[in-house]
Number of protein chains: 2
Amino acid sequence: MTSLPRLGFIGLGLMGRHMAGHLVQAGYTVTVHNRSRGAVAELVAQGAHAAAGPKETAANSDVVITMLPDSPDVEAVALGSNGILAGARRGLIHIDMSTIAPPAARRIAAAEEQAGLENLDAPVSGGDIGAKNATLTIMAGGKQDVFDQCMPIFETLGKKITRIGDHGTGQIAKACNQIMVAAQMVALGELLIFAQKAGADPRRVVEAIQAGAAQCWTLDNKPPRLFAGNRSPGFKASMQLKDLNIIINSAKTYGVPLPTTAVNAQLYNALIAAGLGDLDNSAIIGVLEELAHVQLEIGD
Amino acid sequence: MTSLPRLGFIGLGLMGRHMAGHLVQAGYTVTVHNRSRGAVAELVAQGAHAAAGPKETAANSDVVITMLPDSPDVEAVALGSNGILAGARRGLIHIDMSTIAPPAARRIAAAEEQAGLENLDAPVSGGDIGAKNATLTIMAGGKQDVFDQCMPIFETLGKKITRIGDHGTGQIAKACNQIMVAAQMVALGELLIFAQKAGADPRRVVEAIQAGAAQCWTLDNKPPRLFAGNRSPGFKASMQLKDLNIIINSAKTYGVPLPTTAVNAQLYNALIAAGLGDLDNSAIIGVLEELAHVQLEIGD
């Protein structure tokens with residue numbers, strides 16, 4: 001690839017539409033596909049080309065990026081009868097930037113490589129804001145030379161870009177990321193409710209502890225939103241549960257008991273059962289409010 | 001207090017001995033007491049005076065600091081027949097910098113105030129290194145004017161000093177700190193073992209995720225030690241469990257169910273049951289190694 005590769009982009013959701021937009025703006029020829037057509041029209045207005053489906057997207061591309069909800073979506077789009085593999089020339093690179101199960105990522109990579117395609121799993125962290133500002137953290141698995149070839153694409157989308165190792169290891173890193181993120185979110189909820197009900201101002205507590213060993217991204221970023229009564233996403237609680245379920249299932253595959261992550265998954269399960277899955281992942285505090293029969297006080 | 005107040009310091013353990021040393025070096029007259037006498041001799045060599053017990057320490061002091069293992073120790077030293085209250089003049093300030101149960105802190109403060117003494121609860125975060133380098137995070141509860149009066153003492157010992165609110169709120173903040181610290185420690189153990197057993201290099205995973213939403217003090221500081229095979233404290237796992245037990249008991253007092261902290265407490269319980277309580281709190285990964293029948297790989 002001496003000139004710019006022709007790109008395909010499948011999955012123009014909350015994050016995908018921003019990512020595809022950055023690639024168009026960077027000068028790539030981008031063919032897009034999405035199940036609901038509104039997002040396609042948006043991207044076409046920015047200069048992208050519309051395809052009828054994944055197969056046609058692949059037929060017009062050297063590199064196809066997928067940004068889809070879950071493992072079955074990616075398996076269908078990659079390997080289905082109207083999928084990427086059905087439309088691809090040999091040597092096409094499929095970069096899956098969705099968050100899916102590591103064993104599924106490995107299955108898809110194996111099937112594509114057997115058919116002469118290349119594959120990278122490259123899930124991201126940073127949410128819709130990271131997608132919008134092109135500041136995503138990208139964790140990749142696959143061959144080093146394929147990763148190197150795709151670096152200009154990654155650099156158009158993100159800031160911290162790391163190849164972990166072979167196929168699936170990007171998804172494993174993303175799973176590890178979500179183990180820690182969920183732990184921080186639940187701990188934040190528990191400590192805010194504990195502080196308030198025990199008689200200490202949660203705002204003062206956060207201020208005191210965020211300078212020490214409790215410091216974390218969640219403690220730096222989420223309390224101001226919660227104290228303002230803002231539980232809108234951000235990163236949806238339903239997606240956090242999806243990721244936790246991936247982890248719990250993969251943990252079984254790889255023989256790794258995860259006692260605390262399992263409890264955190266069940267707390268998100270409770271949040272979704274309460275009909276609150278469209279809120280931010282920090283809204284997990286709502287489950288703890290229910291359990292403690294109290295509401296976090298709002299305001300200054 | 002226009003001249004420097006005369007200080008008492010009771011509890012010359014891993015942290016207390018450094019803290020008392022800083023106060024001596026800052027020019028305070030410091031009377032010390034400790035059950036085991038070796039540490040007393042050390043401080044006397046630095047210029048402190050030795051007392052026979054808490055009562056005699058209080059009799060020679062305007063401000064008495066306690067730095068003791070747990071609630072019953074502080075209650076005995078403060079309110080016992082040979083305690084601070086028994087030896088104190090009216091107006092003496094007792095600063096308890098131990099980590100104890102918030103309800104116990106409130107009981108002690110009430111008893112001392114009724115006898116004409118002043119009280120602050122002012123637990124710390126930062127471990128023996130923070131004590132040694134005078135960089136402790138200090139979370140205080142009690143009257144504003146008493147806190148203000150003691151600020152020069154706190155500034156000799158720590159960096160980030162916050163008054164949360166009334167009596168007990170320093171201990172509540174410390175409990176909140178430990179909810180988050182334990183969550184990070186357990187999540188770190190789970191994700192490192194998950195990464196390794198799923199086939200991704202835990203070092204690369206840590207490098208990738210510490211730039212994003214998973215970022216935290218624990219992820220910044222503990223992996224290099226674990227990868228080097230170093231599980232020595234730092235902050236002892238047995239003390240982490242002590243603090244978690246304080247939280248679980250207080251959570252019952254204040255009516256705050258803490259499902260994930262409860263699991264984390266049981267994992268530390270398992271670590272202590274395995275005879276590993278003298279290791280660092282990051283050694284909780286050992287329990288997860290047991291569960292997954294694997295050991296974290298050491299070396300570069």
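**Entry 1: two helices in chain A.** I looked up α1(A) and α2(A) and noted that they run roughly parallel to each other, because their angle falls under 35 degrees. The model is a predicted one. The angle I have for the pair is about 15°, and the axes lie 10 Å apart. In this numbering, α1 of chain A covers residues 16-25 and α2 of chain A covers residues 38-46. I also checked the handedness: α1(A) crosses α2(A) in a right-handed sense.

**Entry 2: who makes the contact.** From α1(A) I listed Arg17(A), Ala20(A), Gly21(A), Val24(A) and Gln25(A). On the α2(A) side I found Ala39(A), Glu42(A), Leu43(A) and Gln46(A). Sorted by class, the contact residues of α1(A) with α2(A) come to 4 nonpolar, 3 polar and 2 charged.

**Entry 3: the two copies.** I then turned to how chain A relates to chain B. Chain A superposes on chain B by a rotation of 180° with 0.0 Å of shift along the axis, at an RMSD of 0.0 Å. The two copies are therefore related as by a two-fold rotation axis. I looked for the C-alpha of chain A nearest that axis and got Cys216(A), at 1.9 Å.

**Entry 4: the interface.** I have 63 residues of chain A in contact with 63 residues of chain B. Of the interface residues of chain A, 100% are also interface residues in chain B, so the copies meet through the same surface. The area buried between chain A and chain B is about 5,200 Å², and carbon and sulfur atoms give 71% of that. In chain A, the residues losing the most area to chain B are Met180(A), Glu190(A) and Phe194(A), which together make up 14% of what that side buries.

Note on methods
Residues are numbered from 1 along each chain as its sequence is written. Chains are lettered from A and ligands numbered from 1 in the order in which they are written. This is a predicted model: local features need pLDDT of at least 70, side-chain atom pairs count only at pLDDT 80 or more; totals for chains, interfaces and linings use all residues. Side-chain values use heavy atoms; hydrogens and water are left out. Axes are lines fitted to C-alpha atoms, for helices over the stretch in contact, and angles run from 0 to 180 degrees between N-to-C directions. Helices (H or I, at least four residues) and strands (E, at least two) are DSSP runs, numbered from the N terminus. Angles under 35 degrees count as roughly parallel, over 145 as roughly antiparallel, 65 to 115 as roughly perpendicular and the rest as oblique. A crossing is left-handed if the near helix is turned anticlockwise from the far one by less than a right angle, and right-handed if clockwise. Contact means heavy atoms within 4.5 Å. Ala, Val, Leu, Ile, Met, Phe, Trp, Tyr, Cys and Pro count as nonpolar, Asp, Glu, Lys and Arg as charged, and the others, Gly among them, as polar. Copies are superposed by least squares on the C-alpha atoms of residues with pLDDT of at least 70 in both. Buried area is the accessible area (1.4 Å probe) that two parts lose on being put together, summed over both.
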